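Hi,

Here is the structure I promised to pass on. My notes follow below it.

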Amino acid sequence: MCKTGLLETPSYSKHTKSFCNKKAAEKVVVRKPSCCSHSLHPIIPYYKLWIHRALMNNFSTCRALAFSLLILNLFRVSLASVVSTGDFNKDFFVMWAPNHVNTSSDGKERSLKLDQESGSGFASNQMFLFGRIDMQIKLVPGNSAGTVLAYYLASDQPNRDEIDFEFLGNVTGEPYIVQTNIYVNGFDNREERIYLWFDPTEDYHTYSILWNLHQIVFMVDSIPIRLYRNHADKGVAYPRWQPMSIKTSLWNGDSWATRGGLDKIDWSESPFIASFKDYTIDACVWKGNPRFCRADSSANWWNRPGFSSLTRDQKRWFKWVRKYHMVYDYCQDNQRFQNNLPKECFLPKY
């Protein structure tokens with residue numbers, strides 16, 4: 001068994017995943033546009049001079065125009081980097097049990113099914129190196145004990161990198177647990193767990209991963225629930241070279257997922273269904289050269305210095321999550337690491 005805060009969980013394997021291997025377990029600088037300048041070039045046509053004077057007589061109009069231009073520019077940049085179509089049939093392929101994967105006629109919604117016969121899963125057609133992924137998900141309702149829905153990025157190499165969301169089912173009336181984990185060069189042991197502050201089975205919620213040169217941020221409805229900073233210069237492993245695909249799978253994890261495996265799947269409640277829609281892939285498509293994805297360009301907005309840390313409001317939400325909803329943090333598990341916690345545990349998160 002490995003003690004994880006309020007829970008006790010035994011060693012487990014998700015394909016080749018290992019949970020415990022020991023005794024216990026963005027400031028955009030906005031310059032004022034020329035309409036706000038106090039000088040005007042003499043060759044500017046008269047109509048432009050009229051517009052200039054009119055705007056100078058109404059500075060608030062000028063500010064509004066500047067703001068509108070900023071939003072338009074950001075919108076164009078965003079569109080330039082979005083590589084998803086919104087159609088599951090075009091952006092993803094079924095990697096497991098096609099008869100357990102259902103897609104709407106327009107390709108905008110998809111569901112995965114788990115029963116005694118099989119689980120199911122799908123993965124992106126392309127691989128990415130840095131970016132932001134958003135997916136709206138509605139989790140398995142009712143008695144979901146023992147079920148695991150994984151939504152993650154993975155490099156599919158022997159020494160793989162991986163950025164994981166795992167939703168651990170529970171008995172009716174008990175809250176879902178969200179487990180996050182990060183693999184770098186094949187090594188993990190970086191689990192964190194939180195309780196969600198809402199019922200994720202009643203409606204869709206947005207689960208996001210921001211992955212850039214500076215940090216990895218896990219978000220739920222835009223609220224950051226976990227950060228993992230790039231401290232590679234201090235000897236801490238960080239996923240920055242291997243491209244990853246987006247994957248989801250629904251499977252039987254009742255040997256460990258709920259109360260350390262004490263609560264098993266009740267197959268009389270099957271099939272278990274998880275639903276997906278309204279995803280966005282705003283990321284650098286892997287074309288064989290990591291320099292392209294690591295470049296500071298308008299398309300690679302996520303690598304800009306302004307996204308190297310959380311905003312003030314995000315920091316407040318992050319602290320709130322950790323204070324009131326955290327169940328387990330590997331950086332607090334001295335027993336598991338035999339009083340030799342990983343180096344990143346002693347470094348700043350932002």
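To start with a quick one: is C284 buried or exposed? C284 is buried, at a relative accessible area of 3% (buried is under 20%, exposed over 50%, partly exposed in between, with a 1.4 Å probe and protein chains only).

Before the rest, some ground rules. This is a predicted model, so local features need pLDDT of at least 70 and side-chain atom pairs count only at pLDDT 80 or more, while totals for chains, interfaces and linings use all residues. Residues are numbered from 1 along each chain as its sequence is written, and side-chain values use heavy atoms, with hydrogens and water left out.

Now the disulfides (cysteine sulfur pairs within 2.5 Å): there are 2 of them. C284 is bonded to C293 with an S to S distance of 2.1 Å, and the link is left-handed, at -80° about the S-S bond. C293 is buried as well, at 1% relative accessibility. The other joins C331 and C345, with sulfurs 2.0 Å apart. Its torsion is about -80°, so this disulfide is left-handed. Both C331 and C345 are buried.

Then there's the sheet. Strands here are DSSP runs of E, at least two residues long, numbered from the N terminus, and two of them pair if DSSP finds at least two bridges between them. An open sheet of 7 strands runs β4-β5-β16-β7-β12-β13-β14, with antiparallel pairing. β4 (101-103) and β14 (223-229) are at the edges with a single partner strand each, so one side of each has no neighbour in the sheet. Within it, β5 (109-114) and β16 (272-285) pair over 6 bridges, and K113 sits opposite I273 in β16.

Cheers

Note on methods
Helix = DSSP H or I, 4+ residues; strand = E, 2+ residues; numbered from the N terminus.
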